[in-house]
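Here is a short report on one protein model and its ligand. Look at the structure first, then read on.

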Amino acid sequence: MVVLSVPAEVTVILLDIEGTTTPIAFVKDILFPYIKENVKEYLQTHWEEEECQEDVGLLRRQAEEDSHLEGAVPIPAVSDNGAADLQQVIQAVVDNVCWQMSLDRKTTALKQLQGHMWRAAFTAGRMKAEFFEDVVPAVRKWREAGMKVYIYSSGSVEAQKLLFGHSTEGDILELFDGHFDTKIGHKVESESYRKIADSIGCSTNNILFLTDVTLEASAAEEADVHVAVVVRPGNAGLTDDEKTHYSLITSFGELDLPASP
Ligand SMILES: CSCCC(=O)C(=O)COP(=O)(O)O
Ligand SMILES: [Mg+2]
């Protein structure tokens, strides 16, 4: 087995979800289709609720920001015209969500609505999150060795908690010291990693970030975070340059932690 020695200064392991702890197939074949199949009914059922109106408000503001993009779908406000008009607005929200998802956009607005929609499926036990088999044993081992373990995903913190709270391995939320999402910044921006370090109360070089996406790895590296790129079945391929530049692991079990002082 190839082993990657974790630098002695690392005290925090920061984990991506999709393609790192969890197969991309689970996200693309289970989580995302659930949204596409249920978004219209969800909006019709929950429209009057404050949470739903907040989600639609965020999506509408995002749609305004996106108006210059090809294929962008605007979301009009509901006028006084009554039910027919409401159905048109709901359809616009559905089309906007489907358009964003067709581009796999990671906007906070989309991710917030998705998290709220998954709540019913996870809490009713209709959906259980999947992790690669090395994930849970490795995280337990890291914690026993004194590491702090955090999650940083584009999925909303609420969605992350649903995922780790309702998995094929049971409720494993207690294994994590905290969660970050795009509210702290996007994963391809270095500033996000500086803010995460500030929020944890450590230096960026105390963090080791594990991700499948080299744009994220590059942003973290620019902020002086240690990174390893996780190669999992179903992940996007890497170029030869990326394979040379980054430390690669295929299992969390390949990380060799520094001996405790
Ligand atoms: C609870 S995470 C759901 C997956 C998701 O929506 C997503 O965008 C995953 O992005 P990641 O940053 O974890 O690769
Ligand atoms: Mg990922």
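The model is a predicted one: local features need pLDDT of at least 70, side-chain atom pairs count only at pLDDT 80 or more, and totals for chains, interfaces and linings use all residues. Residues are numbered from 1 along each chain as its sequence is written, chains are lettered from A and ligands numbered from 1 in the order in which they are written, and side-chain values use heavy atoms, with hydrogens and water left out.

Helix α8 covers residues 214-222. Helices (H or I, at least four residues) and strands (E, at least two) are DSSP runs, numbered from the N terminus. T214, E216, A217, A219 and A220 are buried in α8. Buried means under 20% relative accessible area (1.4 Å probe, protein chains only), exposed means over 50%, and partly exposed lies in between.

## The ligand site

Ligand 1 takes up the space of the largest pocket. A pocket is an open set of points on a 1 Å grid over the protein atoms alone, where a 1.4 Å probe fits, with protein on both sides within 12 Å along at least five of seven lines. A molecule sits in one if more than half of its atoms lie within 2 Å of its grid points.

There are 16 residues around ligand 1, and D16, K111, S153, S154 and K187 come nearest. Here a residue counts if one of its heavy atoms lies within 4 Å. Helices α1 (24-46), α4 (108-123) and α6 (157-165) each supply at least two residues of this shell.

Which atoms reach the oxygen atoms of ligand 1? A polar side-chain atom of K187 lies 2.5 Å from one. For S153, a polar side-chain atom is 2.7 Å from an oxygen atom. E18 uses a polar backbone atom, at 3.0 Å. Ligand 1 exposes 400 Å² taken alone, and the protein buries 98% of that (Shrake-Rupley method, 1.4 Å probe).

L110 is found in helix α4. L110 has a relative accessible area of 1%, so it is buried. Beyond its neighbours within four places in sequence, L110 is in contact (heavy atoms within 4.5 Å) with L59, V97, Q100, M101 and R105. L110 and Q100 are ten residues apart in sequence, with their C-alpha atoms 7.5 Å apart.

Q62 belongs to helix α2 (residues 50-65). Its relative accessibility is 13%, so Q62 counts as buried. Leaving aside neighbours within four places, Q62 is in contact with Q100, R105, T107 and A109.

Key
A polar contact is a pair of N or O atoms within 3.5 Å; within protein, one must be able to donate a hydrogen and the other to accept it, and residues adjacent in sequence count only if both atoms are side-chain atoms. On a 1 Å grid over the protein atoms alone, a cavity is a set of points where a 1.4 Å probe fits but cannot get out, and a pocket is an open set with protein on both sides within 12 Å along at least five of seven lines; lining residues have an atom within 4 Å of a point.
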